[in-house]
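Colleague: I would like a close look at one part of this model, with its side-chain contacts laid out in order.

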Amino acid sequence: TDPAQIRNFCIIAHIDHGKSTLADRMLQITGVVSDRDMRAQYLDRMDIERERGITIKSQAVRMPWEVDGTGYALNMIDTPGHVDFSYEVSRSLAACEGAILLVDAAQGIEAQTLANLYLAMENDLEIIPVLNKIDLPAADPDKYARELADLIGGSPDDVLKVSGKTGVGVEELLDRVVGRVPAPVGRADAPARAMIFDSVYDSYRGVVTYVRMVDGKLNPRERIQMMSTGSTHELLEIGVSSPEPKPSKGLAVGEVGYLITGVKDVRLSKVGDTVTTHRQAATEPLPGYTDPKPMVFSGLYPIDGSDYPILREALDKLKLSDAALNYEPETSVALGFGFRCGFLGLLHLEIITERLSREFGLDLIATAPSVTYEVATDDGRSVTVTNPSEFPSGKIRAVSEPVVRVGILTPKDYVGTVMELCQSRRGNLMGMEYLGEDRVELRYSMPLGEIVFDFFDHLKSRTQGYASLDYEPMGEQEADLVKVDILLQGEQVDAFSAIVHRDKAYSYGVLMTERLKNLIPRQQFEVPIQAAIGSRIIARESIRAIRKDVLAKCYGGDISRKRKLLEKQKEGKKRMKMVGRVEVPQEAFIAALSGE
Ligand code: GDP
Ligand code: MG
């Protein structure tokens, strides 16, 4: 296809503002999916995506569209909308010349609308503002058209009004994409350069790599080369998705398509990398490749210890399709054998644990999420700590923690309570702006460690669900952080160690010692539970001694109940963990960690 007749665009939106539904309608209106084959959220392939209504992996689809007798190829690139995947979002944006900024006409602009808009502007994309869901009775398109026009400049009349559900306005929108989004430009006779914006593992076909051609051409059966590593692969298939994969005679300047080489591991085909040909390799890669960096860490342990090999296998499998997932074996006194896993963010963690339970039937406990700390010790070493139990025990010179730039959008009535929450999480107010009459954008810098611990839940409950949140990394800062250990009869229980700000050490200690006191059954001797910073005890509780005689509770009588109780006790025995002389059912640890 002549680049002049190609338009590459994406849809950016806050979650639930209707991106997938609009994409469905476009597929239908352009005829690439027949009405008969249409099913909701056609492009969201993973079950978990469909159920939660979120897009995890982006996909690209080619759609034909005619304007004034000229045929165009529209490549729609579906970006993941969530901040955890912002690296993937920004790679997808780099593959486009334009973006549809989609906003729910009953909700208005939200935090991810802004975060994605900023990313699109950084990539110099042509922005097409669109209000969606105008069929809703609660929609207020005029009000939000003004809001959008204020935000990106231009007149409220330029804001298109559509309904992805009914299809109203979608044809005009496609016309506008052709009219406004610039055609791709590139050098047709230069050595081939294609940017990988997505890489998906398919159990039948191996890794499917989605690329945007920038310069030159890629031909079928050619030997390709990855520029970040120099590794070469035979092209088994090259084609375009429309939306089912269709082999083609190659990909030329401006085109978007897929490559299949038979590799089985997405790490060999990394998002952001540049593909060239082995025969005539380009010398300069396209800008922008960085390795995805895990930000949030958690220990994952099978509740049934014999599931450990299954967990290992499952993680190996998921890693094939998720280059950002990191893990290594770890053992814990309280929880047994498991893995320390690194994630891009909290949603990523949640998705992985959910997939482990859903696709592999695993029952898991996750330790409290932690971030990466850099600890400078007095003897001049610098230690990277992703697990609190690895915190150096000697004298500490300084500890630094990751900081993020947080954007929160909230109705103005909740500004007070949101600010209070942010302050309690060591936030620094950086800016505050009104968006329209009743919504406020608050910008904070805040330690990531304060966000990974239930911040979002608190934000939602304080604002009745109305506030939205987004954050992005902004570096590191030194802080007065200490490690709090929890001791059972003087023995440290590793899974409960936490790195917290000194001001919060006491309340963490009290919380955990109280929880454990209520959960650990009485023993034949008294068991002290202490919280300590180094050798200094900051909180204590104790479990009084008791002679365990459960059967006494049964008052004779019901024999079958007695038997059941005995069996249950026996079952419980299997999961008993010994901490020093103290016998603790694993359930107690699990309950204490999950705050039940
Ligand atoms: P995404 O998260 O941006 O991909 O949003 P979805 O496309 O999954 O839509 C979120 C919810 O909004 C779903 O329940 C859709 O059925 C609904 N929805 C999407 N577009 C429209 C629309 O134009 N009108 C109405 N009434 N509902 C819509
Ligand atoms: Mg979606």
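Is Asp-438 buried, partly exposed or exposed, and what is its relative accessible area?

Modeller: The model is a predicted one. Asp-438 has a relative accessible area of 27%, and because buried means under 20% and exposed over 50%, Asp-438 is partly exposed. Asp-438 forms a salt bridge with Arg-439, and the closest N and O atoms are 4.0 Å apart. Arg-439 counts as buried, at 8% relative accessibility.

Glu-433 counts as partly exposed at 41% relative accessibility, and Arg-443 is partly exposed with a relative accessible area of 25%.

Elsewhere, Glu-126 and Arg-180 form a salt bridge whose closest N and O atoms are 3.0 Å apart. Arg-180 is partly exposed at 33% relative accessibility, and Glu-126 is partly exposed at 27%. The count of salt bridges comes to 28.

Turning to the rings, the whole structure holds 6 aromatic pairs. Tyr-308 and Phe-339 have ring centres 5.1 Å apart and planes at 5 degrees, so they are stacked. Tyr-308 belongs to helix α7 (residues 308-321) and Phe-339 to strand β17 (residues 336-343), so the pair ties together parts 31 residues apart in sequence. Tyr-308 is buried at 16% relative accessible area, and Phe-339 is buried at 0%. Ring pairs link Tyr-308 and Phe-339 with Tyr-327 and Phe-337 in a cluster.

The rings of Phe-496 and Phe-589 are tilted, because their planes are at 45 degrees with centres 5.7 Å apart. Phe-496 is in the loop between β26 (491-492) and β27 (498-501), and Phe-589 is in helix α14 (residues 586-594), 93 residues apart. Both Phe-496 and Phe-589 are buried.

One contact pairs a charge with a ring: Arg-581 lies over the face of Phe-525, at 4.0 Å from the ring centre.

Note on methods
Residues are numbered from 1 along each chain as its sequence is written. Chains are lettered from A and ligands numbered from 1 in the order in which they are written. This is a predicted model: local features need pLDDT of at least 70, side-chain atom pairs count only at pLDDT 80 or more; totals for chains, interfaces and linings use all residues. Side-chain values use heavy atoms; hydrogens and water are left out. Rings of Phe, Tyr and Trp (its six-membered ring) pair if their centres lie within 6.5 Å; planes under 30 degrees apart count as stacked, over 60 as edge-to-face and the rest as tilted. Helices (H or I, at least four residues) and strands (E, at least two) are DSSP runs, numbered from the N terminus. Buried means under 20% relative accessible area, exposed over 50%, partly exposed in between (1.4 Å probe, protein chains only). A charge sits over a ring if NZ of Lys or CZ of Arg is within 6 Å of the ring centre and within 35 degrees of the ring normal. A salt bridge is a side-chain nitrogen of Lys or Arg within 4 Å of a carboxyl oxygen of Asp or Glu.
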